[in-house]
Amino acid sequence: MTASKQLVNLLGVIVVLGILVSGLVLIALPMYTQAQTTNGSTRSVAASNDVYELQVTQLATAEARIGEIDGQLAALRTEISAETKYDDVFEIIAAAAGETEVAVGKITMTEPEAFTPRAEVVDVAGTGLPTEQDAAPTESDSSAEGESAGQESGVAEPTAPPADPTAPAQGQLQALITIEAQTDDADAAMAFVDLLRVGPRLILPINATLADGTLTLTAFTFIRTEDTP
């Protein structure tokens, strides 16, 4: 009789434990998991809302400064010439050569063509221009640069990435400048390239090589056609 009573009690304990475990697995655990998922979603939405709120604040601040921003844009646009004359380009080149004692031997310019945007290349080497490792050369420059890739050079060999022909800019032209100069000083060569960016005319160096004392540089200059009579 006592054995039967103990067996019944044991079975009762097992049944109770089974009910508790089933309740935890089938009810409590899914509810806890769902609560954690909901909590994570809430935090994610709160973080997104903070980002949106910051963007709205920045846009509202920019809207309040729209007059100042338009003025700054107008000032930047003055760096793009409204005339196709290149006297100021030659003046900038001459001034840069005079400051760095680089002997300019030859300057050639192409006819203006429609401006096409180009992707920005990050200068990880700190040279001031994109390096050969950071930008693939254009088809017109690949053969010449391939022959001089192994030569000793104090100037980085940047290249302009190919422009997207499907996205020409409106109201703007570009002309390609090629400069050949003589210098044995790599620092002077880089200083010369940097000084071309300073002046009343916007000049963008895109490719420079220094080999055997000859600096070969290509750059773009730009014209605003909507201001041209």
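Trainee: Which residues is Thr218 in contact with, leaving aside its neighbours within four places in sequence?
Mentor: Keeping in mind that this is a predicted model, Thr218 is in contact with Leu176, Ile177 and Thr178, and also with Pro205, Ile206 and Asn207, once those neighbours are left aside. Thr218 itself has its place in strand 5.

Trainee: And is Thr218 buried or exposed?
Mentor: Thr218 counts as buried, because its relative accessibility is 12% and the cut-off for buried is under 20%.

Trainee: Switching to the core, which residues have the most contacts inside the largest nonpolar one?
Mentor: That core has 23 residues, and those with the most contacts inside it are Ile93, Ile179, Phe192, Leu196, Leu215 and Leu217. Two or more residues each come from helix 3, strand 3, helix 5, strand 4 and strand 5, and the largest share, five residues, is given by helix 3.

Trainee: What does Ile93 touch, not counting residues up to four places away in sequence?
Mentor: Ile93 touches Val104, Ile107, Ile177 and Ile179, together with Phe192 and Leu196. Another core, of five residues, lies apart from the largest one, and Ile80, Phe115, Ile206 and Phe220 are among its members.

Trainee: Back to helix 3, then: which of its residues are buried?
Mentor: The buried ones are Asp88, Val89, Ile92, Ile93, Ala96, Ala97 and Thr100, and they pack against strand 1, strand 3, helix 5, strand 4 and strand 5. Helix 3 covers residues 87-100, and its reach of 20 Å from first C-alpha to last is close to the 20 Å expected at 1.5 Å a residue.

Trainee: What happens just after helix 3?
Mentor: Glu101 takes a positive phi of about 60° there, although Glu101 is not a glycine. It sits in the loop between helix 3 and strand 1, and Glu101 is exposed, with a relative accessible area of 74%.

Trainee: Why is that phi worth a remark?
Mentor: Because most residues other than glycine have a negative phi. Asp212, in the loop between strand 4 and strand 5, also has a positive phi, near 55°, and Asp212 counts as exposed at 75% relative accessibility.

Trainee: Last topic: which residues make the nonpolar surface patch of about 630 Å²?
Mentor: Val21, Leu24, Val25, Leu26, Ile27 and Met31 make that patch. Leu26, for one, has its place in helix 1, residues 2-64, and Leu26 is exposed, with a relative accessible area of 63%.

Terms used: Residues numbered from 1 in each chain as written. Predicted model: local features only at pLDDT ≥ 70, side-chain atom pairs only at ≥ 80, totals over all residues. Heavy atoms only, no water. Helix = DSSP H or I, 4+ residues; strand = E, 2+ residues; numbered from the N terminus. Expected span 1.5 Å × (residues − 1). Buried < 20%, exposed > 50% of the residue type's maximum accessible area, 1.4 Å probe, protein only. Contact = heavy atoms within 4.5 Å. Core = buried A, V, L, I, M, F, W, Y, C linked by side-chain atoms within 4.5 Å. Patch = residues over 30% accessible without salt bridge, like charges linked within 9 Å, V, L, I, M, F, W, Y side chains within 5 Å. Areas by Shrake-Rupley, 256 points an atom, 1.4 Å probe, with all protein chains shown as cover. Salt bridge = Lys/Arg side-chain N within 4 Å of Asp/Glu carboxyl O.
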